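Dear colleague,

Please find below the structure that I am handing over to you.

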Amino acid sequence: MMISNGIEDEEKWLAEGIAGIQHNAFYLHRAVDSNNLREALKYSAQLLSELRTSKLSPHKYYELYMRAFDELRRLEMFFKDEDRHGCSIVDLYELVQHAGNVLPRLYLLCTVGSVYIKSKEAPAKDVLKDLVEMCRAVQNPIRGLFLRSYLAQVSRDKLPDIGSEYEGEGDTVMDAVEFVLQNFTEMNKLWVRMQHQGPVREKEKLEKERSELRDLVGKNLHVLSQIEGVDLEIYRDAVLPRVLEQVFPDEYHLQTLETLLGACPQLQPTVDLKTVLSQLMERLSNYAASSPELLPEFLQVEAFSKLSNAIGKVIEAQVDMPIVGAITLYVSLLSFTLRVHPDRLDYVDQVLGACVKILSGKAKLEDSKATKQVVALLSAPLDKYDDIVTALTLSNYPRVMDHLDAGTNKIMAMVIIRSIMKNKTFVSTSDKVEVLFELIKGLIKDLEGISTDDLDEEDFNEEQNSVACLMHILYNDDPEEMLKIICTVWKHIMAGGPKRLPFTVPPLVFSALKLVRRLQGQDGDVAGEEVPATPRKIFQLLNQIIESLSVVPAPELALRLYLQCAEGANDCDLEPVAYDFFTQAFVLYEEEIADSKAQVTAIHLIIGTLQRMNVFGVENRDTLTHKATGYSAKLLKKPDQCRAVYACSHLFWVDDQDGIKDGERVLLCLKRSLRIANAAQQMANVTRGSSGPVTLFVEILNKYLYYFEKGNPQITASVIQGLIDLIKTEMQSDSATGGPASDAFFTSTLRYIQFQKQKGGAMGEKYEPIKL
Amino acid sequence: MVLVLALGDLHIPHRAPDLPAKFKSMLVPGKIQHVICTGNLCTKEVHDYLKTVCPDLHITRGEYDEETRYPETKTLTIGQFKLGVCHGHQVIPWGDLDSLAMLQRQLDVDILVTGHTHQFTAYKHEAGVVINPGSATGAFSSITYDVNPSFVLMDIDGLRVVVYVYELIDGEVKVDKIDFKKTTTATA
């Protein structure tokens, strides 16, 4: 309600104000004409009271102010003429301070002050100082700003500039500068305070008013520039830092960027440029962030290139600036760029390029502060871009990394990997993988100056595990591209050396096996296409890759991987390939795996894998089975032999392959394992004086039951009965040590048999003859 | 009510970089009383992580485990139940229920937890229950195609155990449950 009437009301108040001024002016003129100082002061004070209003916007206030201003000019002339009013200027200066209200008092004081300075009865600087400080009494922004504007205006031609008549002993250019700066500072404060005044809904109105007053504040800068005595030296040492320190309106900084920045290179090294420029860039970043519509302004003003050039010049000019200083400046610039122009990768690359220039020609960084800054520089794009790969396309990125010492290079590589893992976006082309692995090369192979022996083991393991995890993020749906990726990775990791290969080879192998599986489902070769990715090709590559483990050496790992490949080849129906992988596995077993425990596990893995193979023809299968059984029987410890041999029995009986159900050979295996178990018992008797637990026999019994149920014709109820009786005898014999475990095992086996008997039906019939 | 987490075959970092985020956020420390792991972690980091989920950690050795001193089999008693753990690559044919039943009889346990196939299964047979929690990371397996990440949570309460299986399918966690009751005569 008030707002819509606002404009009309303002007109009304302005009119009232003007009327008030005119009214008092009439009497003021009369007083002046009759040289009546007292009256003049009275009416001028009343006149000036109109300026105490809070009701007007700056625009309207200005109109009022101008009326008052005109009157004050006339008053000033009167004050000057001492003969007319008979009061000394010193007394007059004191007299006007009796005015009732502060605002009129100060306007009068400034007016008298002007005359005072002109009279030279006191040093200019003293009067000016007095005035600029007294004006503090008015803290209302609009009134204060106009008051100080008045002060600036009347003092303009009275500054103790070089060559001016007001220059004198103790009165120098510096005093003039100081005065203007102080007035300016105070005006700025008032102007800033306006931002925080008033209720939120009036914000728009407030902003409008502020912009109207902006020029008042800016006039001070103009005055500064007019002071002749302000040479470059003074400007750069005294004026500029103060100006830059101000709580400035951001639009100022942006529009006057060129001027501001032009002065920077000239500044003394003692001026903390880094902070000044960083703060400037920070302010501008915040400003840009406040509204996307500001971006064109930034582009129009060419903020980036100006800042970039300025920093370059500063660094050039300050030859003694330590590297850390230069890099810090670029970190700030990068931060600015990432916030204001994130889409301009060319800008980002430029900043990095500038750093490369600084770092070039110098030895690898040793200063830890500088190193930290470089790491900050390199980390910034990683944090900013969701798709890490974007950062990877910056051509100068690796060049900056090259300047890090080996240790920091690795730290940075870890940072990169962590970033990628966090973002969970796949790196999907072999080109990108190439770039990535170049960047992290410190982790992939030994760089100059560091050998893997120097490294802390835990750190090293952590690094390598990171690289291994990274490999799972390298992926493309297209098999051709995926194969290219795998080849690229292999190219890089193959030079990793014996310490790294055990970490990096397995994930690559499994990546490749996954690719093979994808290709399995596809139809054969696509005619006319150039060398498509085929399982066969991939298996050839896999062979090479696993082969590399021989330098470590890591035969157990390699054996496992060969077996995985054999299964993969089996699923692709590639008999010779599968056979070859088994051959490799056996060779490793024969020649490289000597530890007995490792042998037990290895032979079980071979048996387990072989048991699942369906691609082999009779001959091949026989050869491999024969080998497996042979090695099983040759394990060091008898119980291990026994178990491995009965495990081999499954090689002769595969449920879903009718061709592989050789009951006789199953039985042969089981009998063989029984003999071994016997021998084990006897040995125990001889060596320990008591036979060992009957566990092995119970295990074999369970295997007999297994085949019995599967319908192996060779395994009859009587065979089972015989075994049960054998075990019972063994358990009851004097030399039996037994053990609760084997007892419980036997018991539960018998219980199982009972359960099956009670099942009835075919199973029950089968079990019927067995007596417990 | 005792909560037992059973998981395994993570194969970190050989075949997977980490547990799925959705699983990690469910495995909050302090909620679970025991953790059973069938093996193939493979690294110390994974071991340490599991320990933070619950300090009572039981692990058996998988064929890719870095730590070779984990036992081949383990048995433990929780409430009224005897549990046995074994990775399963030792039991041939791999994944064969009858052969696993033999192991169960041998270890004399009510619940046998085993892995290696990366395929979740929960069977009841004469000797008790065989549970395979699958692969917690959905790691590649030569035995099972299209492995979904999965793990098992057992709620043991008196003579009853409720087996919850959590599977990550197409980005969503799906839960299923199976009830088992033990008759007191089953074990000596």
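Of the 772 residues of chain A in this predicted model, 53% count as buried. The chain contains 38 helices and zero strands. Among the contacts in chain A with a separation of 6 or more, 71% are made by residues 24 or more positions apart.

I turn next to the nonpolar cores. The largest nonpolar core holds 186 residues, and those that touch the most other members are Phe298(A), Tyr330(A), Tyr397(A), Leu436(A), Phe437(A), Phe539(A) and Phe582(A). Helix H17 of chain A, which covers residues 323–340, gives the most to this core, with 12 residues.

Helix H3 (residues 58–80) of chain A packs with helix H6 (residues 102–119) of chain A at an angle of about 45°, and their axes are 10 Å apart. Because of this angle, H3(A) is oblique to H6(A). The crossing of H3(A) and H6(A) is right-handed. On the side of H3(A), the residues in contact are Tyr61(A), Tyr65(A), Leu72(A), Leu75(A), Glu76(A), Phe79(A) and Lys80(A). They meet Leu103(A), Tyr107(A), Leu108(A), Thr111(A), Val112(A), Ser114(A), Val115(A) and Lys118(A) in H6(A). The residues of this contact divide into 10 nonpolar, two polar and three charged.

Is Asn183(A) buried or exposed? The relative accessible area of Asn183(A) is 1%, and the cut-off for a buried residue is under 20%; therefore Asn183(A) is buried. Leaving aside neighbours within four places in sequence, Asn183(A) is in contact with Val132(A), Arg148(A), Leu151(A), Ala152(A) and Asn220(A). Asn183(A) and Lys129(A) are 54 residues apart along the chain, and their C-alpha atoms are separated by 9.5 Å.

With kind regards

Key
Residues are numbered from 1 along each chain as its sequence is written. Chains are lettered from A and ligands numbered from 1 in the order in which they are written. This is a predicted model: local features need pLDDT of at least 70, side-chain atom pairs count only at pLDDT 80 or more; totals for chains, interfaces and linings use all residues. Side-chain values use heavy atoms; hydrogens and water are left out. Axes are lines fitted to C-alpha atoms, for helices over the stretch in contact, and angles run from 0 to 180 degrees between N-to-C directions. Helices (H or I, at least four residues) and strands (E, at least two) are DSSP runs, numbered from the N terminus. Angles under 35 degrees count as roughly parallel, over 145 as roughly antiparallel, 65 to 115 as roughly perpendicular and the rest as oblique. A crossing is left-handed if the near helix is turned anticlockwise from the far one by less than a right angle, and right-handed if clockwise. Contact means heavy atoms within 4.5 Å. Ala, Val, Leu, Ile, Met, Phe, Trp, Tyr, Cys and Pro count as nonpolar, Asp, Glu, Lys and Arg as charged, and the others, Gly among them, as polar. A nonpolar core is a set of buried Ala, Val, Leu, Ile, Met, Phe, Trp, Tyr and Cys residues joined through side-chain atoms within 4.5 Å. Buried means under 20% relative accessible area, exposed over 50%, partly exposed in between (1.4 Å probe, protein chains only).
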